[in-house]
Amino acid sequence: MTLEPVQTHCPYCALQCAMTLTPSADQVEGGSAVEVAPRPVPSVQGGATSAGGLCHKGWTSAAVLRVPDRITEPLVRSASGVLEPSSWEDALAFIATRVAALQGAHGNDSIGVFGGGGLTNEKAYQLGKFTRTVLRSKHIDYNGRFCMSSAAAAGNRAFGIDRGMPFRVTDLGSADAILLLGSNVADTMPPFVQHLAGVRSRGGLIVVDPRRTATAALTDGDGQSPGGLHLQALPGTDQTLLLGLLHLVVAEGLADEQYLAARVNGWDDVRRSVALWWPERVAATTGVAESSLRRAVQILAAASPARGGNGAMILSGRGAEQHTDGTDTVTAAINLSLALGLPGRPASGYGCLTGQGNGQGGREHGQKADQLPGYRMIDDPSARAHVAAVWGVDPDSLPGKGVPAVELLGKLGGEVKALFVHGANVVVSAPDALAVRRRLESLDLLVVCDFVPSETAQLADVVLPVTQWAEEEGTMTNLEGRVLRRRKALDAPGQARSELDILAGLARALGSEVHFDTEPALVFDELARASAGGKADYSGLSHALLDAEEQGAGSGGHYWPAPVGSTGTPRLFARRFAHPDGRARMVAVSPGAPADDLRREAPVYLVTGRVLAQYQSGAQTRRVDALNAVAPAAFVELHPHLAKLHQIDDGDDVAVTSVRGTAIARARITTTIRTDTVFMPFHWAGDGMANAVTNDAVDPISGMPEFKVCAVSIARADLFVPPQPEEVLA
Amino acid sequence: MTAQSSAPEKIVVVGAGMVGHRFVDELVRNDRSGRFAIELVGAEEYEPYNRILLSEVLAGRADLRALGLPLPDADRVLFRRGVAVDEIDTDARELLLSDGTRSTYDRLVLATGARAFVPPLPGLAGPAGAPKHVHVLRTLDDTRNIAARAMNAKHAVVLGGGLLGLEAACGLRRRGVPVTVVDLDDHLMATQLDRGPSRMLAAQLRSLGIDVITSTSVAEVISAYDEIVAVRLTDDRLLAADLMLVSCGIRAESGLAARAGIAVERGIVVDEELRTSDPWVHAIGDCAQPPTGMTGLLAPGWNQADDLVALMLGREDLDPDAVGDDRPDPVKLKAVGVDLVTMGVRPSQALDDDRVLTVSDGGGNRHVDLVLRDGELVGVTCLGFPDVSAALTLAYDRRTPLPADPLALLVPAGAQGGVAATVSPMRMPGSTTVCRCSAVTKKQIVSAWEQGATTPDAIAGATRATTGCGGCKEVVCGLVDWLNASDPAAPAPSVDTPVTPRNTPVESTT
């Protein structure tokens, strides 16, 4: 092992901040194995999304490498019900025997695979290949379904392609207006806020959020910048708000009719569809004052290049997307951007703020139930033929379309008897998580690959220890579609192995003839071939090319599509959209209501989200002392008016109850939230688990669950009477 | 009969206004099996449009293109535009259309709407009819004609101080036309407002340049060469007028039904299931007179359209308990410079046990009444509070929990924001988080400085403050300058930073 500094990227979110890891000379148990430092990337290379910054999570990321409960050997549940150490050979043989028996009795589709948006491109690719060629099961999906699927579906529908941001992150700095829909970047990807400095200085930041988050507070003016506008809409009304903004664009004659005629289909339908969303109606539905709606439209229109501005962007996050009408809500956002003539123009357009580290790449290479590598559709015969040829199998042997994540979890214990989980902690992160736990417990076989005993791993029959980010080579695709290298700084402890080794080993144990490389660079080369000609085409890229760029032979970053002979496409849509006719497609949409809506016995909305010092299900960050010191436990954020009604004081335990379950956490009383809404972060298991309460109703198009809104009742915990089971059933 | 028949049931909808359009849209959306064949007959030549926004067009605030409603799905709906229904033969279930053709129906839905009521005033109702430049505001043509006349008009009289009359008056004023509103009632918007807020509304209109005359009506319309030149009021005053808008309410368009022998009172009488006296004929919207009464508002008409679709499809998901269903809908005055929204019970209608809160600010032309019943908001009158009217409407509509002190409802959300204004680094308590990204407090920065980190870069190295989003750079620089200035041993602060005087008392940093 080398002690040279290694250039890589942060293990956490999709911003993939550049960092340098310097291995420590003395690696003691519990000590830091590597030193982490932020790494500025010269602008000749396009700059880094992090611009030399790191947040608390990134700075402390090395602590997870040597946590005391790190899993260092395979564990198999013994007859007495305890997870006990095992050899790799025995563990893999055990899995293979059980899988073969279950498939013999119940068919190939009785085995499910649940992937993650934190896996490298290489792992995500191998996982899809393994499921389709070794297990030959249609049942694969991943936790990215929880975060990216609605924006992906809407992007594909409108543009014919789904790249979260079709421009560089650094382009944000030139825009005159940015509309942020349901995204709290100041907490979820703090270094990103640097890219908002320009728009804030020009008074053009508009944030839609039911809470006055740290991001919404950026719209406050200060000495240097006029800031912008915070629209504190009622949860579940984002689409109505967007339709109202588009109505005003039409009413005030601000639509870019020339652009629409030249580049867009469907404008007439969409224009008519917003005739019914006049400002008074929208104000009464969203709670946002009419004057604010008008001002938002003026800011966006004035920033539009067609009207002489420097650029306007609309960016959506989970707050707007995680709804049963999330795909249509994103479509409404895209329609607004098209009406203003933004996509394809400088510092302009629509983008989605991807959440997980490889939430972008993770959805391109075959983890999705309906997709093959390169963003190819699994029911397209030519796509099947191409990928089958790369894999050396008969196209007819590939399974068909599976089902999206929530539906897959719903099949556990029924059609699906066994589940492999990679890079996910579903008993904390899935909606209606108590039900998910019950279903996991009913499985015949649960295999979890993880590096810590997450809540999901603790339920497993077999736990396989895997490498972490600093212990492996690979690539990640960040929120702007840029392919980045992840590099190894040190060896994994104990017997931990990469998933690439595990999948190859399992393929052998299951008697498969299909070849699985274990060297990440070779897997990437195969991925590149499999993606060639697909929408997410990586065929022009290789580890060597990506390495050369970072060593100074820079081209400004490699953004897909990067077909053979090209080094990538930083900005999309300048001349054409990805539909065959080159035009964007507008689709008229209409808002739905939350599936679990307000009623007398549940008069308050629950919204969920993240805090700065924790990440996703907390499996990693809850093991870091420095982060726990800042964010030690779940909490319930509520307005003093609401608190007073229920005799709740700051710090009291509060029970938040929906028809699915109850979460109990400390009250945090603040005037920054709406009076009709409570907020809980979703990083914790146990009593404070927000997802015990959330709804698993899904968007019919994307399959994305409605994490972001459900109706609840609240009570001070000592006054809380749990609903009786018979009441629940009635 | 529920047996599967091969031919779909034919539904003819008469009237392509906002309620007829909604009905057709809902029916197409929900009838996925194609059980119904749908025909929509509309007398206006235009494509269906949003009538609610005509006053916005008149005010020059909305482009005509913003009004066009989605066209009915041509695969599912036969849309006959510019065709009126002349007669209904209820025995044969057949319609005679104005283009001479006939059309049969299995079920008929009348959504004929309403027409503006024009009182029989001398000079208006004679054998020659109304003179030129006297208008009602009901259709796109009306709007165009009024807008065209407004280009040259020197003084407009609006008869009727209700919602539409006032919206039109504000619209005409916005086009530069001097306007007088004449209202027979002793106060404006008497249907929605008590006297107090109404007086304040009148004052606000006057400040916009709109004259308001109440307890008075027009006695005679005076014309010359068939053009209006003046009106004589009931108090014998003469007002010169070269444009007049009659806005005296609406009357249900029920003549067609009456001629067919269908029961008609003030409107076409329908039962709870929106059936007329003829079981094959339904009526919805402004033309219908349901047991709950006629409102002249859009939302009840839309609800009727939705309900009738559900009834026709035999759906049982009608939820009578759905939140907000049984409440009168909010009424909002759409006019630049006036923000007025009213809903539900007003103070003069409150019950003894109701809690009524009134905030009246005559000097600021602001007035709010809140009526609470059993802890719920059942009535709002909100004039001149644009920042809270949307939130109040939502609390009323969705019955969301109210604050223990309802007066708190009148504080705009932004004004409650708990984010403290930037304080000087010196005065900041030690526990204040300076750097959110790395959770660094002022106290930690001060102790890093005490251990020798006396430049912003050194502070960043020691605490990681400023290394995330960079938002705290200014505060950290300020802190370092303040600390350096307070300590004679420290290196001199950078030249371009104002130096804090030595004798400034240093506050506790803990």
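## A salt bridge across chain A

Arg66(A) and Glu471(A) form a salt bridge in this predicted model, with their closest N and O atoms 3.7 Å apart. The term salt bridge covers a side-chain nitrogen of Lys or Arg within 4 Å of a carboxyl oxygen of Asp or Glu. Distant parts of the chain are linked here: Arg66(A) sits in the loop between helix 1 (56-59) and strand 4 (75-77) of chain A, while Glu471(A) sits in the loop between strand 18 (462-465) and strand 19 (474-477), 405 residues apart. Helices (H or I, at least four residues) and strands (E, at least two) are DSSP runs, numbered from the N terminus.

Are these two residues buried or exposed? Arg66(A) is buried, with a relative accessible area of 14%, and Glu471(A) is buried too, at 4%. Here buried means under 20% relative accessible area, exposed means over 50%, and partly exposed lies in between (1.4 Å probe, protein chains only).

## How the model was read

This is a predicted model, so local features need pLDDT of at least 70 and side-chain atom pairs count only at pLDDT 80 or more, whereas totals for chains, interfaces and linings use all residues. Residues are numbered from 1 along each chain as its sequence is written, chains are lettered from A and ligands numbered from 1 in the order in which they are written, and side-chain values use heavy atoms, with hydrogens and water left out.

Arg623(A) and Asp69(A) meet through their side chains in a salt bridge of 2.9 Å, N to O. Arg623(A) lies in the loop between strand 22 (604-609) and helix 21 (625-630), and Asp69(A) in the loop between helix 1 and strand 4, so the pair ties together parts of chain A that are 554 residues apart in sequence. Arg623(A) is partly exposed at 21% relative accessibility, and Asp69(A) is partly exposed at 32%.

Another salt bridge joins the side chains of Arg363(A) and Asp162(A), at 2.6 Å from N to O. Both of these residues are buried. Over all chains, the structure holds 70 salt bridges.

## Where the two chains meet

Now for the interface. The contact (heavy atoms within 4.5 Å) takes 63 residues from chain A and 52 residues from chain B. Between them, the chains bury about 4,400 Å², 57% of it on carbon and sulfur atoms. Buried area is the accessible area (1.4 Å probe) that two parts lose on being put together, summed over both.

How many salt bridges cross the interface of chain B and chain A? There are 8, and one salt bridge joins the side chains of Asp187(A) and Arg436(B) at 2.3 Å, N to O. Salt bridges that share partners also join Glu252(A), Glu290(A), Arg294(A), Glu56(B), Arg61(B), Lys332(B) and Asp339(B) into one network.

## A look at chain B

Chain B has 12 helices and 27 strands. Of its 510 residues, 48% are buried. Among contacts in chain B between residues at least 6 apart in sequence, 60% join residues at least 24 apart.

The accessible surface of chain B comes to about 23,400 Å², and 50% of this belongs to carbon and sulfur atoms. Such areas come from the Shrake-Rupley method with a 1.4 Å probe; for residues, only the protein chains shown count as cover.
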